[in-house]
Amino acid sequence: MTTSVAVIGGGLTGLTAAIRLAEQGISTELFEAAPSLGGRTRSFFEPTMQQLCDNGPHLLIGAYAATRRLLRDCNAEKHLHWQPSLSLPLWDIRRGHFAFQPAAKLPFAPALLLAAASMPGHSLTSSLAMLRLAAALQRKKPPREKQVAGWLDELRIPDQLVRDLLEPLCLGAMNEATETASTLTFRRVLKESFAGRDQARLGWFTAPLQTALIEPLAQQARQLGVQIHTGHRVRQLVGGDEDARVDGKSYDKVVVALPSHAADKLMHRQLTRETRAISNIHLWLRHAVPMPAPLIGCIDGVGQWYFDVSQQWLTTTPGKHICAVISADEGHRSGPDLVRCCIDELSQLCGMSQQPELIHSRIVSERRATTLVRPDHSGGECLPASIINACEIPLPGQLPATIESAVRRGEIAAQSCIPGHTYQPYPL
């Protein structure tokens, strides 16, 4: 019987695992090497602007069932805003502003088809393509594993629909382009995201992640009796069939909830896992810019998504703190050049005759923001029974690296420590 568990890593996966373990009466200790909790979902203090700032904005979708349940259990739902129904605002320099926005008064399936045909440059051809895509998602036998681009080509999905909708969704969810992304996982993303009207909508936090997410989770963990050690880098992990030792102290089980490269280093493994970067270009402006929505997807832009952070947080005048997000960033542009390009793009997006005046900028690039979905990520490892691997190593058909997958990994790790307990996690 499991009575004590150590959780290594104080990000979202580690915090989730610690909470779910403590709910079952398990003595739990959590170790985080950084001075504060949160991992990649952390906030930092921006001294020039004298405010908390997230590494980058995080979007949620209604299909994030495990995340929604966790937020509800930790009394953090008040910090989350949901669209009443899906609206995905888009812009490009030729067509201006438009949106993929299924009509709220129609049944959901025909509303999706009409929304595709209604976008500028689209027609009935896009609706028929959406029908073929929907039929492919419902087939019991999944397609053989290949790249998303090849799968969409087999389904005869028009290039315009890929460019305007499916490529942005693939980049946003999987942090890689359709040319290299896993079909099995992207199919899973689409199937969960468009299962119904409640699932197919966007949500965002109305405060910095430290306030809206990490502090409520940490408070819940402490109230449940979890001992949290920040600034504690675990130096030694030794596992066996009966127990494991963390820096010399014995536990029945150990959950490793670290970035995969950090876990490999801790466990002395020589594995290479493919990752991608995400860059967030924070822009603080002297005067507000008229962004017509809290977020806008920029087709073929330098910045793929523009977030009006001040509008989402409801704390300052909307349009003064903008963040441009670049998924799968290959780092071809220098910092100053990137800021100039985003300012120029933002002024065009907002229809401004003059560029907005910049007070301050900060670029936050997560070099290993996500571990990509690959078939060989397991590395054929065989861990001792006392060590539970909760690291981000998504396989084809599993969810990609998202807030939701982090929460689900934490829940599955907790269940693995105490088989047969009453809590039922969502599958990866």
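Leu124, Leu128 and Leu131 form a nonpolar patch on the surface of this predicted model, with about 290 Å² of accessible area together. A patch joins residues with over 30% relative accessible area and no salt bridge, nonpolar side chains being linked within 5 Å. Accessible area comes from the Shrake-Rupley method with a 1.4 Å probe, and a salt bridge is a side-chain nitrogen of Lys or Arg within 4 Å of a carboxyl oxygen of Asp or Glu. The model is predicted: local features need pLDDT of at least 70, and side-chain atom pairs count only at pLDDT 80 or more, whereas totals for chains use all residues. Residues are numbered from 1 along each chain, and side-chain values use heavy atoms.

- Leu131 belongs to helix 4, residues 124-138 (helices are DSSP runs of H or I with at least four residues, strands are runs of E with at least two).
- Leu131 counts as partly exposed because its relative accessibility is 45% (buried means under 20%, exposed over 50%, partly exposed in between).

**Arginine residues**
- The charged end of Arg68 sits over the ring of Trp82, 5.1 Å from its centre (the rule requires CZ of Arg or NZ of Lys within 6 Å of the ring centre and within 35 degrees of the ring normal).
- Arg286 lies in the loop between strand 15 (275-285) and strand 16 (295-298).
- Arg286 and Ile359 are 73 residues apart in sequence, yet 5.8 Å apart in space, C-alpha to C-alpha.

**The whole chain**
- The chain contains 12 helices and 20 strands.
- Of its 428 residues, 55% count as buried.

How values were computed. Patch = residues over 30% accessible without salt bridge, like charges linked within 9 Å, V, L, I, M, F, W, Y side chains within 5 Å. Buried < 20%, exposed > 50% of the residue type's maximum accessible area, 1.4 Å probe, protein only.
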